[in-house]
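Trainee: Could you go through this protein with me? I would like to learn where the labels come from.

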Amino acid sequence: MDTPVAMVQHQAEFGAAIEYGDLAAEQSHIGAGTDLTPLLRGLHEDACQCPHWGCVIAGEIRVRNSDDTEEVDEAGDPLYWPPGHTLWVDVDTEFVLVRPHDEHASVFEHTATRMDE
């Protein structure tokens, strides 16, 4: 729906989170040229195994899934990344994500350890 006073984007079958328990949300700013792929090495399939739902606020995010498919999520796009993904940005990018809290905590700890190497 797009009117002079409102725009609504709807994506059916966006994902289900019932089995994940507590969810957490985060707003992120990532600078141009940032590639998270090296930080995910050592995880299963060298990829984040936590699902994410969200929206790109500005910029664009390039995502590669474990099945080697790629997608580009641009400003205004709703997004769903299934388990088994990595990402990078070529331009400054801002986005909001919702994800299972406990599942992502282990990914975050892994990436923090990789940053210290």
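Mentor: Gladly; we will take the labels one by one and set each against its definition. This is a predicted model, where local features need pLDDT of at least 70, side-chain atom pairs count only at pLDDT 80 or more, and totals for chains, interfaces and linings use all residues. Residues are numbered from 1 along each chain as its sequence is written, and side-chain values use heavy atoms, with hydrogens and water left out.

Trainee: How many helices and strands does the protein have, and how do you know what counts as one?

Mentor: It has two helices and seven strands. Helices (H or I, at least four residues) and strands (E, at least two) are DSSP runs, numbered from the N terminus. From that end, the elements run β-α-β-β-β-β-β-β-α.

Trainee: Why is Cys 50 called buried?

Mentor: Buried means under 20% relative accessible area, exposed means over 50%, and partly exposed lies in between (1.4 Å probe, protein chains only). Cys 50 has 0% relative accessibility, so Cys 50 counts as buried.

Trainee: And what makes Cys 55 partly exposed?

Mentor: The relative accessible area of Cys 55 is 30%, so Cys 55 is partly exposed. Over the whole protein, 33% of the 117 residues count as buried.

Trainee: What makes a group of residues a nonpolar core?

Mentor: The members are buried Ala, Val, Leu, Ile, Met, Phe, Trp, Tyr and Cys residues, joined through side-chain atoms within 4.5 Å. The largest one here has 10 residues, including Ile 30, Trp 81 and Phe 95. At least two residues of this core come from each of β3 (60–65), β5 (78–81) and β7 (93–100). Apart from it lies another core, of five residues, and Cys 50 is among them, as are Leu 40, Leu 43 and Val 107. In soluble globular proteins, nonpolar side chains tend to be buried together.

Trainee: Why are β4 and β6 called edge strands?

Mentor: Let us start with pairing: two strands pair if DSSP finds at least two bridges between them. Three strands form an open sheet in the order β4-β3-β6, with antiparallel pairing. The strands β4 (70–74) and β6 (85–88) each pair on one side only, and they are the edge strands.

Trainee: Why does Glu 60 count as buried?

Mentor: Glu 60 is in strand β3, and its relative accessibility is 18%, so Glu 60 counts as buried. Leaving aside neighbours within four places in sequence, Glu 60 is in contact (heavy atoms within 4.5 Å) with residues including Val 72, Asp 73 and Val 89.

Trainee: And His 101, is that residue buried or partly exposed?

Mentor: His 101 lies in helix α2, and its relative accessible area is 39%, so His 101 is partly exposed. With neighbours within four places in sequence set aside, His 101 is in contact with Asp 22, Leu 23 and Ala 24.
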